[in-house]
Structures are given as C-alpha cells and as structure tokens.
Amino acid sequence: MVSRVAMGGLVVLFLAGAWLIAAPFALRFQHPGAAWTGATRMDMAVGGALVVAAFTGFFVALGGRVREMYAEAARR
Amino acid sequence: MEARAGRYIAGLCASALGLCAGGWLVLTPFAFGYRGRGREAVTALATGGGLIVISSLMLLCWALAWRRRLRVDGVLAPRRSRAAQRKAERSAKRQARAERLVRVSRQHELESAPDPAQVLTDLRALLTPLLSAAEESVSIVPAREPAPTPAETVAAETAPAETGPASVEMVAITETSRGEVSRPEVNREVQAPGHLRGARSASFFALPKQADAESEFDAEPIPADSLMRGAELLMVGTGEEESW
C-alpha cells in the first residue's frame, strides 16, 4: 500500500512537472511567437526538472520492485 | 541489498527534488517580482504548494516502505507494540519462574529419592532376620499338667488306671527348621509366633481352681497372681485370647 502511494506520488510529480511546462501556454501568459518571459523560463526549467526526476524515479523504483519479485520467485 | 536500496533512494530523491521544486515555485513570485495576483504568480504559488504537499507525502511513503523492507530483511529489529512488549516480559518472567520451580523440585527429588539398590539391600537385611525368627517361633512348648482338683483326686484314687477327664492332651505338630513335620506328640502344644511362652492361656483354666482352693484354706491373698489372673481375664474379655 505504501509503495503504491509512493509510486502514485511519482506519477503526480511527473504530471506536476508537465503542468508547469504547459502552464504558460495554457494560461496564455506567454504569447506564442513572443520571447519567453522570466516566469515562462522558470516554469519550464522547474517543470522539466520535475518531469525528468519523476520519470527517472518512477522507472528506477519500478525496476527495483520487479527485481525484488524475481528474487522472491527464485527463493520459492 | 544495494539494488533494493537503490529503488527507495530513487524514490526519496525524486520526492526531495519535488519538495525543493515546490518551495522554489512558492518563492519565485516574490523573488522575481511577478505582478500581484497575475496568472504567473497564481500558477507558481498553487503548483508550488501542491508540490510541497505531494512531495512531503511521497517522502513519508518512501521512508516507511524502506523501513518496512529493512525490518523484513532483518536489518532493523522487529517492531513491537507496548502491549506485546509487556506480554513478552510477562511470559519471560513466567518462564523463568517455572524453570526455577522445576529446578528446585528436581533437586528435592534427587535429595529425597534413595537408591533403589540400596533400598532393596536394606529391605533384605530387615526381612531376613524376621523370616528366620518366624521359622524358629513355631516351636514346641510343653503343656503344663493341670493341677488336680479335689474331685479329680478322689476320682484318681478310685480309678487309678484310667486317665483323668480333666487332663488335657494336646496334639501338636512339630515343625523343624528344615520343614519336616515330625510325629505328633502327646501333651505338647504349638505356640504361635508372638505368643508369650509361659502359663498364660493353657494355665488359665487350671490356676483359678488352684487359687480358689488355696483361698479357701489360706486367708492371705496373693497379689501378683491375682493381678495376672485379672489381666488374663481382661484379655479374654476383650477377645485377645482368640486372636492368639
């Protein structure tokens, strides 16, 4: 249960990063074709970092869990 | 082990990064001078706050999951509740008390229980003389001839050739120590084990007459004899004579 919540948290983190990337364009405080404002750059940077971190963390955690399952199956 | 830890470390790192990112997003509107209540500021504050909450929750979840895994692997001691701890302490005390009692009772048993071989030897030493005494006690005791009464005296004078009716002929079977049974002899009686030898039961019928005869002629009492006779009468009355 706890592991599932943690994995879900990573997914939420990934979605939050994606939201931060898309927010300037979705909320129209960054006009298309215009130079990126400071807020847009900041959202893009933080969102991109979160997406990368969440993506990496999710698959590393998933890979570890799969490895544990293989080890438990080998013990049986 | 390291692979398992890597999984939790990755989750914890991602959560920590999310927490840092959320904090940074909360601070950016104030740091970069965004317009108050603009879309950029609201977006940054809302996303930052959400990231802080979610990242904190993720940190807690990953930490708990890692701790549980460490307990399962035996790295950490198994968790015990207070009730379980008290119960374990109580059971340990009970166990110790029971072991102490068993140890003490075993010591008593060892101290009090004699060696069976020694017991048999002692029993043999105790019973052997009793058995030999029982064999010897079946012995021959000559019966006393009853004292002639005046009537018998007269009868004896009148018929000297006949045997007097009051004379007791007791047939006894003599058993020797070898177990052989000899021929019965006249005027002998068998004395049972524990029977006191002497003039007790057999003389019981004769002595009073003699004493009566004496008391008729002599006025002086014989205290010892009378006491003995009284004791014999008492024993006969209580049925002890039959048991002899």
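1. A residue is called buried if 20 or more other C-beta atoms lie within 10 Å of its own, exposed if 12 or fewer do, and partly exposed in between, with C-beta atoms placed from the backbone. By this rule, buried residues make up 12% of the 244 residues in chain B.

2. The model is a predicted one: local features need pLDDT of at least 70, side-chain atom pairs count only at pLDDT 80 or more, and totals for chains, interfaces and linings use all residues. Residues are numbered from 1 along each chain as its sequence is written, while chains are lettered from A and ligands numbered from 1 in the order in which they are written.

3. Confidence should be read first. pLDDT is the predictor's confidence in each residue, from 0 to 100. Chain B averages 71, and 52% of its residues score at least 70. Among the elements of chain B, α2(B) has the highest mean pLDDT (89) and helix α8 (residues 240–243) the lowest (49). The score stays under 50 over residues 160–186 of chain B, where the model has 34 contacts beyond four places in sequence. It also stays under 50 over residues 198–204 of chain B, with 10 such contacts. For the complex, the predictor gives an ipTM of 0.88 and a pTM of 0.48.

4. Chain B has 8 helices and 2 strands, in the order α-α-α-α-β-α-β-α-α-α along the sequence. Helices (H or I, at least four residues) and strands (E, at least two) are DSSP runs, numbered from the N terminus. Two residues are in contact if their C-beta atoms, placed from the backbone, lie within 7 Å. Of the contacts in chain B with a separation of 6 or more, 55% join residues 24 or more positions apart.

5. α2(B), with 35 residues, reaches 50 Å from its first C-alpha to its last, close to the 51 Å expected. Just after α2(B), B:G74 takes a positive phi of about 90 degrees. Helix α4 (residues 116–137) of chain B has 22 residues and should span 32 Å; its end C-alpha atoms are 31 Å apart, which agrees. The number of buried residues in α4(B) is 0, so this helix lies largely in the open.

6. Where the chains meet, 32 residues of chain B are in contact with 30 residues of chain A. On the chain B side, the elements that give two or more residues are α1 (2–32) and α2 (39–73). α1(B) gives the most, with 16 residues. This side divides into 18 nonpolar, 9 polar and 5 charged residues. Here Ala, Val, Leu, Ile, Met, Phe, Trp, Tyr, Cys and Pro count as nonpolar, Asp, Glu, Lys and Arg as charged, and the others, Gly among them, as polar.

7. A nonpolar core is a set of buried Ala, Val, Leu, Ile, Met, Phe, Trp, Tyr and Cys residues joined through C-beta atoms within 7 Å. The largest has 33 residues, of which A:L10, A:L13, A:L50, A:A54 and B:W62 touch the most other members. α1 and α2 (38–75) of chain A and α1 and α2 of chain B each supply at least two residues of this core. Leaving aside neighbours within four places in sequence, A:A54 is in contact with A:L10, A:L13, A:F14, A:G17 and B:A14.

8. A:A18 is found in helix α1 (residues 2–26) of chain A. Is A:A18 buried or partly exposed? A:A18 is partly exposed, because 16 other C-beta atoms lie within 10 Å. Beyond four places in sequence, A:A18 is in contact with A:G47 and A:V51. The C-alpha atoms of A:A18 and A:V51 are separated by 6.3 Å, with the two residues 33 apart along the chain.

Definitions and conventions: The expected span of a helix is 1.5 Å times one less than its number of residues.
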